[in-house]
Amino acid sequence: MDNTNIPLQSLDRGWFHNRQGISVSMLRLDLTDAVISGNKPFKLKYSLQEAQRLGCKQVLTFGGAYSNHLVATAAMAQRQGLQSIGLIRGLQSAAQETHTLQQCRAFGMQLQPVDREAYSHKTDPAFLAQLQQQYPDAFIIPEGGASALGRQGAAEIAQLIPDSTTTVCLSVGTGTTLAGLREALLANVSIIGFAPIKGGAYLINEVAAFLSPNANANWTITDAYHFGGFGKMTEELTYFMQEFEQNCGFALDRVYTAKMMYGVRQMLQLGRFAQGENIVCIHTGGLQGNG
Ligand SMILES: *Cc1c(COP(=O)(O)O)cnc(C)c1O
């Protein structure tokens, strides 16, 4: 992956324009690749390196039927000559297989449906030990790439954020990207995470647990913009996505970044940012999920 060409695109003209001298731009991580896009290649980079270093032939990871993480893992593993196995939450018939899961298969991922009860043990040490016995050649990557290696890779996104930035806005799933960035960005840069799930404020505790004590400030997560819950859409959000694409010239994904940008726009309108701020929003990809 070549990180030097990732543009920071200004949204200061037209629709996002505001009179408070606040500048808003988007870090276009969605442009890196069609599927290996957004924050995923950053989060997976060191896990795949570690798999290779340990001589593992396979990587095994977890996800739901709409998981961008699964597709990115399948594609990156294939590119690096590793096999991939995906443990899929919930049993579904091949007839109802989502576009996401079809893509995973196309990248050679072996899909293994797991019922919801068993899946809920995905982070239990005993369950993981048993899984490792079952797949002795596999390097196991947690759901969403949520590990220290994931955070280490995500921290490298900070290199693409200019020093003049006052606030970084990003969407939050596991919080791995937010935690990695919080460790790497200067302490005076605020971070606002937008959780696309109902009750997503619980993520504040999860993320806090990963941060060193001196990095444990100047960030927050809001769950005010979930639009009914994970993967849920409303007419208002659909309309917003269309308006955004028309005005800014590129698309947002429906699960994560659309909800974040709706929130950013509303917070601007409500005067929640200080005059003269330089806000950098991160386009964390996910566009394959729109298909
Ligand atoms: C995976 C994903 C996220 C969530 O990233 P975390 O590091 O798990 O918080 C955000 N946005 C998009 C588009 C994603 O695909």
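The model on the screen is a predicted one.

Take helix α9, residues 235-248, and helix α10, residues 257-269. Their axes cross at roughly 85° and come within 10 Å. That angle falls in the range I gave, so α9 and α10 are roughly perpendicular to each other. Which residues meet there? From α9 we have E236, L237, F240, M241 and F244. Across from them, α10 supplies A258, K259, M261, Y262 and R265. Sorted by class, this contact holds seven nonpolar residues and three charged ones, with no polar residues.

Now the second pair, helix α2, residues 68-79, and helix α3, residues 99-106. Here the axes lie 8 Å apart, and the packing angle is about 10°. The angle is under 35 degrees, which means that α2 is roughly parallel to α3. On the α2 side, the contact is made by L70, V71, A74 and Q78. On the α3 side, T100, L101, Q103, C104 and A106 take part. How many charged residues does this contact of α2 with α3 have? It has none; the count is six nonpolar and three polar.

Last, the ligand. There are 16 residues around the ligand, and the closest are K40, N68, T174, T177 and T284.

For K40, a polar side-chain atom sits 2.7 Å from an oxygen of the ligand. For T174, a polar side-chain atom is 2.6 Å from a ligand oxygen. G173 uses its backbone instead: an N or O atom there lies 2.8 Å from an oxygen of the ligand.

How much of the ligand's accessible area does the protein cover? On its own the ligand has 390 Å² of accessible area, and the protein covers 97% of that.

Methods: Residues numbered from 1 in each chain as written. Predicted model: local features only at pLDDT ≥ 70, side-chain atom pairs only at ≥ 80, totals over all residues. Heavy atoms only, no water. Axes fitted to C-alpha atoms, helices over the stretch in contact; angles between N-to-C directions. Helix = DSSP H or I, 4+ residues; strand = E, 2+ residues; numbered from the N terminus. Parallel < 35°, antiparallel > 145°, perpendicular 65-115°, else oblique. Contact = heavy atoms within 4.5 Å. Nonpolar A, V, L, I, M, F, W, Y, C, P; charged D, E, K, R; others polar. Near = heavy atom within 4 Å. Polar contact = N/O pair within 3.5 Å; in protein donor to acceptor, adjacent residues only side chain to side chain. Areas by Shrake-Rupley, 256 points an atom, 1.4 Å probe, with all protein chains shown as cover.
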